[in-house]
Amino acid sequence: MVILGSHCSMKAPKFLLGSVQEALSYGANALMIYTGPPQNTLRKPVEALKIQEAMQLMKTHGIPAENMIVHAPYIINLGNSVKQETYQLGVDFLKNEIQRVKEIGAKYLVLHPGSHTIAPFEDGMNQIIQGLNEVLCEEDDVIICLETMSGKGSEVGFTFEQIQTMIENTKLSHKLGVCLDTCHIHDAGYDVSSFDQILNEFDRIIGLDRLKVIHVNDSKNVQGAKKDRHANLGEGHIGFDALCKVVHHPKLEHVIKILETPWIGDEAPYKIEIEMLKNKVYDPSALDALRK
């Protein structure tokens, strides 16, 4: 059975319980959340998030806790070697997020590795590795999943080789996994229509055992554009058929797939997109209906 869900909001008054209810309304058996606003450090106490009620609802519907993915906030930049205060904020806040993930009961924390800003690329890479070595702890059960990036701006981590360099130079490398984003790798130059070739390359360089999460997104950009603009399934340059093959790939049955496609107007497209992927049938009219 495919493990498939989407990003879900977490807001008052139901918080995490509301996130799980939202996921179930989409027909999902997985979900991804932020523990607070992704653009700032404001966080509600974990005790207020209705964790027990959320976990009980997941259990009732046969959804294991590890199918709840947490995404780290965007403000974390472990790659900044120019501004020490920015780097330290990233380290301190990531430590806090790891603790929150533990208390929520999740297992996987997806992290954008970071950007080297105006410093040389190698400085950014070394700073990310230093940051990972600072935040990872043997006692923690949380796995940080480094997300493959598109290569926009000064991002680090837009090739499998770069991701592997971070992994192999981190002391507690067994605490690291990978989140593969289809839009990002497409924009970075990989051909998602040749996904078997991509998986073989990933396995050779990193190892398929590291792949824990896949973000399933189409792209508004041509291959190699290095821009990172997500599109709804079938409405971008990757196409529905290629993305459907990713979701149903026999080597990836155990990997959690998460949609991050754009809302259409004020409507989330996830129920429609999940149904299309489950049925392996593209229905553009269903998405068009949300635009009316």
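## Aromatic pairs

Tyrosine 282 is partly exposed at 30% relative accessibility, where buried means under 20% relative accessible area, exposed means over 50% and partly exposed lies in between, for a 1.4 Å probe and protein chains only. Phenylalanine 240, with a relative accessible area of 5%, is buried. The rings of phenylalanine 240 and tyrosine 282 form a stacked aromatic pair, 5.3 Å centre to centre and with 25° between the planes; rings of Phe, Tyr and Trp (its six-membered ring) count as a pair if their centres lie within 6.5 Å, and planes under 30 degrees apart are called stacked, over 60 edge-to-face and the rest tilted. Because phenylalanine 240 lies in helix H8 (residues 240-247) and tyrosine 282 in the loop between helix H9 (270-279) and helix H10 (284-289), the pair ties together parts that are 42 residues apart in sequence. Helices (H or I, at least four residues) and strands (E, at least two) are DSSP runs numbered from the N terminus.

The structure holds five aromatic pairs. One of them joins tyrosine 34 and tyrosine 74, whose ring centres are 5.7 Å apart and whose planes meet at 70°, so this pair is edge-to-face. Tyrosine 34 sits in the loop between E2 and H2 and tyrosine 74 in the loop between E3 and H3, so that distant parts of the chain, 40 residues apart, are linked. Tyrosine 34 is buried at 10% relative accessibility, whereas tyrosine 74, at 38%, is partly exposed. Ring pairs also link Phe160, Tyr190 and Phe202 into a cluster.

## Basis of the values

This is a predicted model, in which local features need pLDDT of at least 70 and side-chain atom pairs count only at pLDDT 80 or more, while totals for chains, interfaces and linings use all residues. Residues are numbered from 1 along each chain as its sequence is written, and side-chain values use heavy atoms, with hydrogens and water left out.

## Helix H2

In helix H2 (residues 51-60) the buried residues are Ile51, Ala54, Met55, Leu57 and Met58. Seen down the axis of H2, these residues fall within an arc of 160°, so they line one face of the helix; the arc is that of the directions from the helix axis to the C-beta atoms.

The buried residues of H2 pack against H1, strand E2 (30-33), strand E3 (68-71) and helix H3 (84-104), with contact meaning heavy atoms within 4.5 Å. The face turned away from the buried side carries the exposed residues Gln52, Lys59 and Thr60. After H2 comes glycine 62, whose phi is positive, near 70°.

## Serine 150 and lysine 226

Serine 150, in the loop between strand E5 (143-147) and helix H5 (160-168), is buried at 0% relative accessibility. Leaving aside neighbours within four places in sequence, serine 150 is in contact with residues including His184, Asp187 and Lys226.

Lysine 226 lies in the loop between strand E8 (218-219) and strand E9 (230-231) and is partly exposed at 34% relative accessibility. Although lysine 226 is not a glycine, its phi is positive, about 55°.

## Backbone between E1 and H1

Most residues other than glycine have a negative phi, and most peptide bonds are trans. The peptide bond from alanine 12 to proline 13 is cis, with omega near 5°, and proline 13 is found in the loop between strand E1 (4-7) and helix H1 (16-25). Phenylalanine 15, placed in the loop between E1 and H1, has a positive phi of about 50° although it is not a glycine, and it is buried with a relative accessible area of 11%.
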